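Biologist: I have a model open and would like to learn how to read it feature by feature. Could you take me through it?

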Amino acid sequence: MKVKYFAWVRERIGKAEETIEPPASVRTVEELIAWLSGRSEAYAYAFEKPKVIRAAIDHAHVKPNAAIAGAREIAFFPPMTGG
Amino acid sequence: MSGPVTIRIQQDDFDVAREIAALTNARTDIGAVVSFSGICRGDEDNAKISALTLEHYPGMAEEEIQRHVDEAISRWPLDGITVIHRVGRITPGENIVLVVTASQHRQAAFQAAEFLMDYLKTSAPFWKKEESVAGTGWVEANTRDDQAAARWTKS
C-alpha cells in the first residue's frame, strides 16, 4: 500500500510518500503507526504522540481503530490548520 | 440546488468581486450573497509573521471540501457556492481562502458560509507553516476551531 505524510510528519520522516508492506498482523491504523514507529528514530519521532496524529484512508478521515485491509492509500498528518 | 458549485485549490490569488459576480451574473432569483475572505495576518500572539506557507493533500482536499459543500446543499436552500483555497507561500495582507454562498434569503447564505468555513478549518487537509524572525514553525490546531465546527453536528 502507498503511504503519504504531510506537514511535520513528512518533515520528521524525511519523505512525502512510500510504498510499504506491513505484516498481516498489522490490522488497524494504530497498529500501523506502532509498526512504522519501530522502523527508525525518524519514524519514532514523527509518531511520538500517536494520539495527535490524524489518518485518512483513500482520502477519507478515519479513526485509529479503522481497519487498513484493502486500503490503496493511507495518509498520516497533524491536526489540520487551513482556512 | 439550482446553481453552480466551484471548488478550486490554487497558488494564484483570486478576485473576490469577480467570484461573486460569477455566481450572480444573469440571475434574478438570488437575493443574498455572503462572502468570507480569510486573509494572512501580519502578527500572531504579538510576533511578526513574514509569511505563511500552505501545504495540502492533493485529491483529498478537493474531495473533503466537496463532501462539505454537498452537506451544505442538503441543509440549506442554496443557489450557488464557490470555495477557493490558496496553497504555497502567502504574505501578510494576501488572501488565503474564499467562501461565497448564494441563496434567495440571507439566513441560508450566512449559515452555509459559516458552516463551510468551520469545516474547512478543522477537516480539510491543509497545514500552515509560519515564517517569522524567530524562525519557521507549523501552526498548531486551535480548540476553538474544533468547538466552532462541533456546533453544526446534528444531535
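This is a predicted model: local features need pLDDT of at least 70, side-chain atom pairs count only at pLDDT 80 or more; totals for chains, interfaces and linings use all residues.

Biologist: Which elements make up chain A, and in what order?

Modeller: Chain A has 3 helices and 5 strands, and along the sequence they follow the pattern β-α-β-α-α-β-β-β. Look at the contacts too: of those with a separation of 6 or more in chain A, 52% join residues 24 or more positions apart.

Biologist: Now chain B. How many helices and strands does it have?

Modeller: There are 4 helices and 9 strands in chain B. Starting at the N terminus, the order is β-α-β-β-β-α-β-β-β-α-β-β-α. The globule rule gives 15 Å for 155 residues and chain B has 16 Å, so chain B is as compact as a globular protein of that length. Its C-alpha trace spans about 50 × 40 × 30 Å along the principal axes. In chain B, residues 24 or more positions apart make up 76% of the contacts with a separation of 6 or more.

Biologist: Let's zoom in on a helix. How do I read which side of it faces inward?

Modeller: Start from the geometry: an α-helix has 3.6 residues a turn, so residues three or four places apart point the same way. Now take α2 of chain A, residues 29-37, where A:Val29, A:Leu32 and A:Leu36 are buried. These residues cover an arc of only 55° around the axis, which puts them on the same side of α2(A).

Biologist: What covers the buried residues of α2(A)?

Modeller: The cover includes α3 (41-46), β3 (54-57), β4 (60-62) and β5 (73-77), which are elements of chain A.

Biologist: Why do A:Asp58 and A:His59 count as partly exposed?

Modeller: Count the C-beta neighbours inside 10 Å. A:Asp58 counts as partly exposed because it has 15, and A:His59 because it has 18.

Biologist: On to strands. How do β4(B) and β8(B) pair?

Modeller: A general point comes before the case: in a regular strand the side chains alternate between the two faces of the sheet. Here, β4(B) and β8(B) pair in the antiparallel sense over 7 bridges, with B:Leu54 opposite B:Lys128 in β8(B). β8(B) also pairs with β9 of chain B, residues 135-138, in the antiparallel sense over 4 bridges. β8(B) and β9(B) form a hairpin with 2 residues between them, and B:Ser132 stands opposite B:Gly135 in β9(B).

Biologist: What about the place where the chains meet? How many residues does each chain give to the contact?

Modeller: You will often see the size of an interface given as the accessible area lost when the parts come together. Here we can count residues: 22 from chain B and 14 from chain A. On the chain B side, the elements giving two or more residues are β4 (47-56), α2 (60-75), α3 (106-123) and β8 (126-132). The largest share, 5 residues, comes from α3(B). By class, that side of chain B has 13 nonpolar, 5 polar and 4 charged residues.

Biologist: Last topic, the core. Which residues have the most contacts inside the largest nonpolar core?

Modeller: That core has 50 residues, and the ones with the most contacts inside it are A:Phe6, A:Val9, A:Ala75, B:Ala72, B:Val99, B:Ala112 and B:Leu116. Its largest share, 9 residues, comes from α3(B). For a close-up, select B:Val99: leaving out residues up to four places away in sequence, B:Val99 touches B:Phe36, B:Val83, B:Ala113, B:Leu116 and B:Met117.

Key. Residues are numbered from 1 along each chain as its sequence is written. Chains are lettered from A and ligands numbered from 1 in the order in which they are written. Two residues are in contact if their C-beta atoms, placed from the backbone, lie within 7 Å. Ala, Val, Leu, Ile, Met, Phe, Trp, Tyr, Cys and Pro count as nonpolar, Asp, Glu, Lys and Arg as charged, and the others, Gly among them, as polar. A nonpolar core is a set of buried Ala, Val, Leu, Ile, Met, Phe, Trp, Tyr and Cys residues joined through C-beta atoms within 7 Å. A residue is buried if 20 or more other C-beta atoms lie within 10 Å of its own, exposed if 12 or fewer, and partly exposed in between; C-beta atoms are placed from the backbone. The radius of gyration is taken over C-alpha atoms; the globule rule is 2.2 Å times the number of residues to the power 0.38. The arc is that of the directions from the helix axis to the C-beta atoms. Two strands pair if DSSP finds at least two bridges between them.
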